[in-house]
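Subject: Handover of a protein structure

Dear colleague,

Please find below the structure that I am passing to you. I would be grateful if you could read the notes that follow it with the sequence at hand.

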Amino acid sequence: MRKSKGIKVGTGAMILFFFLTGVVTGETHWNFQAVDSVGYTTYLTPAVITLEGIILNSPEEMLDPTPDYCEIPFNMGGQWQIFIQGEESDHAGTALWMGQNYGNLPFVPLEDSYTNEEWVAELCRLNHDPASGYLFTPGDRVRVTGYWVFYKGKNNVNETHDITPEYDFTVELLEPGVGLPQPELVTLDELKDQNDNFIFDSSRLTGCEHYQGRLVRLNDVSFATDPNQWDADATLEITDGTKTFPVKLGIGSGIYSGSNNLTDTFDVVGIMDQENSSMSGPFDNGYRIWVTNYDGNGLVLRDRGYRRGNLPGDISGDGRVDLQDFALITADWLLTTPGIGDCN
């Protein structure tokens with residue numbers, strides 16, 4: 001028998017209380033992602049928070065949302081995830097995640113999974129602004145309200161593995177198409193020590209924690225692992241010649257076996273993420289740069305393609321057409337992709 005989707009007592013009633021009374025705390029990503037000396041969260045209350053920021057990715061290019069209800073241990077079925085980056089002095093970012101088959105986890109009741117029909121309805125709800133029906137896209141400014149859980153080094157907004165409606169988190173549109181944040185230029189010397197270990201700083205003023213959840217750029221790197229391992233959902237190591245760093249490839253349509261045409265030295269633009277190797281800590285490793293799609297430009301491992309909804313002329317992929325797009329067109333006017341057509 002499936003679990004009733006009605007109102008529950010206990011913590012479920014608590015979130016209903018928060019929403020009905022308006023006792024929902026507006027918070028910064030910086031405070032929300034605070035950690036201690038071993039990388040565990042120091043942010044303990046409240047249970048429900050509100051965050052604002054810029055959407056960094058399309059969810060279907062990061063995790064596979066395809067409905068797949070099953071009763072197989074640890075099989076999550078469809079998944080959905082986006083990153084929201086804080087603005088101005090709010091120097092941090094937060095992932096929003098949900099999955100279909102929570103009931104396949106050993107600590108969750110089996111009935112706490114979405115049927116395929118219910119999952120599709122949830123995807124529709126999260127992908128659109130509830131007031132206008134607008135389809136969210138990277139570069140939109142949004143407000144998020146919901147529960148949160150610490151997972152492998154960072155706090156995520158999610159449903160705490162519960163499908164009852166009071167555990168739903170909400171995404172609201174504040175302003176469409178304001179543009180992606182400018183990627184922060186970072187070097188491997190800022191992310192790795194002399195022994196090629198991740199630099200962890202609990203103050204988050206330096207090292208990997210300083211950039212976590214944000215859009216970053218690494219210049220002049222090459223593959224340290226066999227580039228033939230390139231494929232959707234693969235992880236490859238890049239290097240500056242001395243130090244290395246993992247790059248997680250997404251599942252966007254431009255990433256597939258054989259689509260890698262990057263030159264020996266290239267740049268990388270992606271989201272700084274962390275999934276620690278241990279669930280019990282210390283949470284000072286597992287950092288990676290997540291590149292969710294690739295447009296085949298041959299020079300920079302990033303996606304400068306159309307936004308969701310296909311906005312013509314948006315060369316930079318920031319959700320708007322402006323002088324930056326014109327500059328990118330003129331900068332690449334006479335460039336060619338090596339090995340394509342008659343050009344070498």
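Helices (H or I, at least four residues) and strands (E, at least two) are DSSP runs, numbered from the N terminus. One example is strand β7, residues 170-175, which contains L174. This is a predicted model, in which local features need pLDDT of at least 70 and side-chain atom pairs count only at pLDDT 80 or more, while totals for chains, interfaces and linings use all residues. Residues are numbered from 1 along each chain as its sequence is written, and side-chain values use heavy atoms, with hydrogens and water left out.

Confidence

The term pLDDT stands for the predictor's confidence in each residue, from 0 to 100. Its average over the protein chain is 87, and 81% of the residues score at least 70. Where pLDDT is low, the predicted coordinates should not be read in detail.

The chain as a whole

The protein chain has six helices and 14 strands. Of its 344 residues, 49% are buried; here buried means under 20% relative accessible area, exposed over 50%, and partly exposed in between (1.4 Å probe, protein chains only). Among contacts between residues at least 6 apart in sequence, 67% join residues at least 24 apart.

The largest pocket

A pocket is defined on a 1 Å grid over the protein atoms alone, as an open set of points where a 1.4 Å probe fits, with protein on both sides within 12 Å along at least five of seven lines; lining residues have an atom within 4 Å of a point. The largest pocket has a volume of about 600 Å³, a volume being the space filled by probe spheres set on the points, which are joined across faces, edges and corners. It is lined by 23 residues, and the closest to its centre are Q79, W97, Y151, H161 and E275. At least two lining residues come from each of β3 (79-85), β5 (141-151), β6 (154-157) and β13 (287-291), and β5 gives the most, with three.

L174 counts as partly exposed because its relative accessibility is 32%. Its contacts, leaving aside neighbours within four places in sequence, are E52, R141, V142 and R143. L174 and R143 are 31 residues apart along the chain, yet their C-alpha atoms are separated by 6.6 Å.

R288 lies in strand β13. With 13% relative accessibility, R288 counts as buried. Among the residues that R288 touches, not counting those up to four places away in sequence, are F245, D273 and E275.

W230 is found in the loop between β9 (215-223) and β10 (235-239). Is W230 buried or exposed? W230 is buried, because its relative accessible area is 3%. Beyond four places in sequence, its contacts include F223, L249, N260 and Y294. W230 and N260 are 30 residues apart in sequence and 6.8 Å apart in space, C-alpha to C-alpha.

P106 also belongs to a loop, the one between β4 (93-99) and α3 (116-127). P106 counts as exposed because its relative accessibility is 63%. The C-alpha atoms of P106 and P73, 33 residues apart along the chain, are separated by 7.4 Å.

Yours sincerely

Definitions and conventions
Contact means heavy atoms within 4.5 Å.
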